Amino acid sequence: MAETNGLVPNSAAKDPAPPHQVFDTILVLDFGSQYTHLITRRLRELNVYSEMLPCTQKLAELSWKPKGVILSGGPYSVYEEGAPHVDPEVFKLDVPILGVCYGLQELAWHHGKNVAAGDKKEFGHAALKIQRHSGKQAHVDRLFEGLQDDMEVWMSHGDKLSKMPDGFLTVAETANSPYAGIAHEEKEYYGIQFHPEVTHTPRGLEVIKNFAVHICKASQDWTMEAFVDKEVARIRKLVGEKGQVIGAVSGGVDSTVAARLMHEAIGDRFHAVMVNNGVLRRSEAEQVKETLTKGLGVNLTVIDASERFLGLLKGVADPEKKRKIIGNTFIEIFEEEAQKIAKAAENSPKAGPIEFFLQGTLYPDVIESISFKGPSATIKTHHNVGGLPEKMNLKLIEPLRELFKDEVRHMGMNLGIPEDLVWRHPFPGPGIAIRIIGEVTPDKVRIVQEADAIFIEEIKNAGLYRQISQAFAALMEGRAVGVVGDQRLHGHIIALRAVVTTDFMTANAFEFDPAFMRRVTNRIGNEVKGVARVLYEATSKPPSTIEFE
């Protein structure tokens with residue numbers, strides 16, 4: 001195999017034309033709000049491409065210019081020492097800027113620092129009164145064009161503007177916030193105290209559209225159909241006429257769509273590989289091979305490395321160590337397989353070296369692993385954007401890196417992938433290993449596999465599968481007393497989890513009826529050897545994550 005330069009795993013291969021250079025892009029700068037990702041999602045819903053970066057992003061480091069900038073909300077007070085502030089170069093971009101909540105206060109802080117703690121905090125629904133202007137000032141009303149003078153909005157703030165910044169006019173107010181909407185008299189700068197991105201602001205999407213489409217003049221050409229065409233061309237250019245790619249597939253929608261897209265771009269020069277790491281769902285490897293080879297025509301190699309993984313995981317209880325072990329071992333195995341594929345293709349005039357490693361990273365994976373306060377604030381190492389070796393002999397290629405889950409599913413349908421596979425619930429890269437609290441053993445894996453299979457089977461039988469975003473069984477640390485027949489059992493504790501979400505950044509527990517839960521718990525208790533109790537875990541995200549580790 002030809003020598004290649006090692007790359008830091010979080011770095012994708014050099015991109016000939018990333019989306020922000022192809023599509024008009026709105027840049028969202030994140031100040032730590034739990035709603036920031038929703039701004040990006042709402043823009044995508046409008047077919048306007050958007051990317052989110054930390055508020056500390058240095059503009060000089062960007063290789064592209066956005067059509068507009070949105071400053072998000074955040075949990076801080078803009079006037080406090082250590083509060084995050086945007087790079088002042090943002091105001092030299094000569095593009096429209098919209099400040100949302102903390103972003104409004106940041107805009108005002110940059111234009112006079114007239115922000116203070118409010119006498120009353122404002123959380124929840126509020127009645128917004130839009131103020132109209134005429135004559136030479138009529139242009140400041142563009143953010144609320146086409147909307148009624150009275151709007152219901154969602155507020156979440158304790159601070160507010162104490163004085164109108166120089167050069168701005170009031171365009172909206174509430175009973176508690178006299179400067180709930182402001183606009184610059186000359187520049188295309190706008191600020192709103194409410195959150196237009198949440199569903200609690202019924203006409204918030206229209207506000208976002210007014211900014212992105214009518215003020216920023218961003219084209220509404222971001223569609224999965226357009227993205228597929230451009231991504232196929234990008235991959236062909238990146239890989240070259242003879243380059244080869246090896247890719248990880250698991251049978252989930254992300255890796256399947258990535259594999260199908262890669263096969264569309266370079267055909268047989270893409271080599272799909274599945275590693276049975278011993279912590280997959282029950283019969284996963286067999287089912288994946290059947291689906292991908294016979295259903296989609298993908299050339300797939302299945303490697304049984306279950307003993308290797310379980311041996312390395314023996315005695316390991318720390319979740320981050322589990323992720324590191326699994327990530328490192330995955331890369332080692334793929335590099336070994338790449339060498340075999342390269343050696344087999346040495347005499348083929350159509351093939352070149354294996355240089356790239358395909359990974360199904362999604363945009364929420366990227367967002368969740370980024371913090372403007374640095375790595376110490378990262379919730380966990382994500383299985384797709386972290387937990388890999390510091391140096392690799394293969395360069396990453398991540399065609400789905402800019403996409404949300406619903407966009408990936410839309411793409412999958414466009415690529416002819418069966419509907420039941422497109423809507424399959426996601427499964428983490430570390431698999432059952434992060435659904436077992438504490439040490440991973442073969443018997444614990446068996447218990448989780450069997451309990452999970454029963455849970456999913458009953459969900460499908462009840463017609464609930466498509467209503468649920470993700471569902472699974474997990475094994476808790478420790479044991480509990482139970483009774484099986486006339487015998488005392490000191491057995492394991494299974495926790496069931498099912499969540500509803502649109503973007504996997506926030507999630508709520510699904511509410512099953514009692515009859516369903518009795519049926520599932522009875523089956524698991526009776527059919528899964530070693531289980532003493534079954535619990536249902538109902539914590540939302542946040543404060544929890546969807547997975548247990």
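Mentor: I would start with Arg446, which counts as partly exposed because its relative accessibility is 23%, where buried means under 20% relative accessible area, exposed over 50% and partly exposed in between, with a 1.4 Å probe and protein chains only. Before going on, note that this is a predicted model, in which local features need pLDDT of at least 70 and side-chain atom pairs count only at pLDDT 80 or more, while totals for chains, interfaces and linings use all residues. Residues are numbered from 1 along each chain as its sequence is written, and side-chain values use heavy atoms, with hydrogens and water left out.

Trainee: OK, and which residue does Arg446 form a salt bridge with?
Mentor: The partner is Asp443, and the closest N and O atoms are 2.9 Å apart; a salt bridge here is a side-chain nitrogen of Lys or Arg within 4 Å of a carboxyl oxygen of Asp or Glu. Asp443 is partly exposed, with a relative accessible area of 39%.

Trainee: Where do Arg446 and Asp443 lie?
Mentor: Both are in helix α13 (residues 442-461), three residues apart, about one turn of the helix; helices are DSSP runs of H or I with at least four residues, numbered from the N terminus.

Trainee: How many salt bridges does a search of the whole structure find?
Mentor: The search finds 28. Among them is Lys294 with Glu290, whose closest N and O atoms are 3.8 Å apart, and these two residues lie four residues apart in helix α7 (residues 284-296).

Trainee: Is Lys294 buried or exposed?
Mentor: Lys294 counts as exposed because its relative accessibility is 67%, whereas Glu290, at 44%, counts as partly exposed.

Trainee: What about Glu398, buried or exposed?
Mentor: Glu398 is buried, at 6% relative accessibility, and it forms a salt bridge with Arg401, with the closest N and O atoms 2.8 Å apart.

Trainee: Changing topic, which residues does the UniProt "binding site" annotation cover?
Mentor: According to that unreviewed entry, the annotation covers Ser250, Gly251, Gly252, Val253, Asp254, Ser255 and Thr256; UniProt positions are given in the numbering used here, feature names are shortened, and annotations may be inferred rather than shown by experiment.

Trainee: And what is Val253 in contact with?
Mentor: Leaving aside neighbours within four places in sequence, Val253 is in contact with Lys405, Val408, Arg409, Leu421, Val422 and Arg424, contact meaning heavy atoms within 4.5 Å. Val253 lies in helix α6 (residues 253-266) and counts as buried, at 2% relative accessibility.
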